[in-house]
Amino acid sequence: MKVAILISGLVRTWNQSFKTLKKEIIDKNPNICFDFYLTPWDHTHCRNKHRSDYNTTKFEVTEDTFENIKKLYNPKYFDVLSYDEAKNNIKTDPILQETHGIIKSRIPSYGDEFLWNSMFMAHYGMYLNYQRFLKHSDDEKYDLILKGRFDLAYGNIFENPIDHNVLNVCEPQFALGFNNFLALSKPEIMREYFCSYEKLKCKDFITKFPVRFPECFLRILFEDKLIPIYHVLHESSIIRE
């Protein structure tokens, strides 16, 4: 079996995260061929203590760090993306400005910048990552695509058989939905996941987003597509700095 692992976003605790990925996924599944497609942002920043705040402190990621990431992951594709350029692209889009306002009115506890970063930039980063995967996967045929992060502690999600016809998310069951932490399915289903950014530009869809939690965004998206969601036993967790 061949699995593409797509990871985008802030590198944060990438070294600790890779150790769990290698131990729990790569080493425990020698019968699976894993290919990595990585698109980290060019800087990282501290986590926000409160959702109403936005920490503007940025830390540039050195070339040495990126080289070390490439040595460990040995990716099939690697590209460093400009965070500021990407954020400017979305913040100057009139449609996204409007949908940002709609969502912000329904999640008043979120500050403006925190919402741009935690939701809009997260989905845009996934989208850019996926577009590069399509362009540079050289017609490779993958059975599954796994969406990961640079700051996750991984469990052995392949310990039990994977249902290819549902979206597998590695989080506890949550009535409102789920976060964009880790997801696994066949390529056709994962396309809907990685292209969730397109739904942020759809005002008709955003009007279906009445709950004051961003976790319901992806749930509603997949319910609209009539794609079942399955919460696998090995939940992922964030590795804090």
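Author: Happy to! This is a predicted model, so local features need a pLDDT of at least 70 and side-chain atom pairs count only at pLDDT 80 or more, while totals for chains, interfaces and linings use all residues. Residues are numbered from 1 along each chain as its sequence is written, and side-chain values use heavy atoms, with hydrogens and water left out.

To your question: Leu 115 counts as buried, at 0% relative accessibility. Buried means under 20% relative accessible area, exposed means over 50%, and partly exposed is in between, with a 1.4 Å probe and protein chains only. Leu 115 lies in helix H5. Helices here are DSSP runs of H or I with at least four residues, strands are DSSP runs of E with at least two, and both are numbered from the N terminus. If its neighbours within four places in sequence are set aside, Leu 115 is in contact with His 100, Ile 103, Lys 104, Tyr 110 and Phe 120; contact means heavy atoms within 4.5 Å.

Now for the helix itself. H5 has 25 residues, and the distance from its first C-alpha to its last is 35 Å, close to the 36 Å expected at 1.5 Å a residue. That expected span is 1.5 Å times one less than the number of residues. H5 also bends by about 35° at Met 121, the bend being the angle between axes fitted to the seven residues ending there and the seven starting there. Met 121 is buried, with a relative accessible area of 2%. Beyond its neighbours within four places in sequence, Met 121 is in contact with Trp 41, Tyr 83, Ala 86, Lys 87, Ile 90 and Trp 116. Lys 91 lies 30 residues from Met 121 along the chain, with 9.7 Å between their C-alpha atoms. Just after H5, Asp 138 takes a positive phi of about 55°. Most residues other than glycine have a negative phi.

On to the neighbours of H5. Two packed helices are described by the angle between their axes and the distance between the axes. The axes are lines fitted to C-alpha atoms, for helices over the stretch in contact, and the angles run from 0 to 180 degrees between N-to-C directions. For helix H4 (residues 94-106) and H5 (residues 112-136), the axes come within 11 Å and cross at roughly 105°. That makes H4 roughly perpendicular to H5; angles of 65 to 115 degrees count that way, those under 35 as roughly parallel, those over 145 as roughly antiparallel and the rest as oblique.

Another partner is H6. The axes of H5 and H6 come within 9 Å and cross at roughly 140°, and the two helices are therefore oblique to each other. Within H6 (residues 187-194), the buried residues are Ile 189, Met 190, Glu 192, Tyr 193 and Phe 194. Their cover includes H5, along with strands E1 (2-9), E6 (144-148), E8 (167-169) and E9 (183-185) and helix H8 (216-224).

Finally, the wider setting. The protein chain has eight helices and eleven strands, and buried residues make up 53% of its 241 residues. Of the contacts in the chain with a separation of 6 or more, 78% are between residues 24 or more positions apart.
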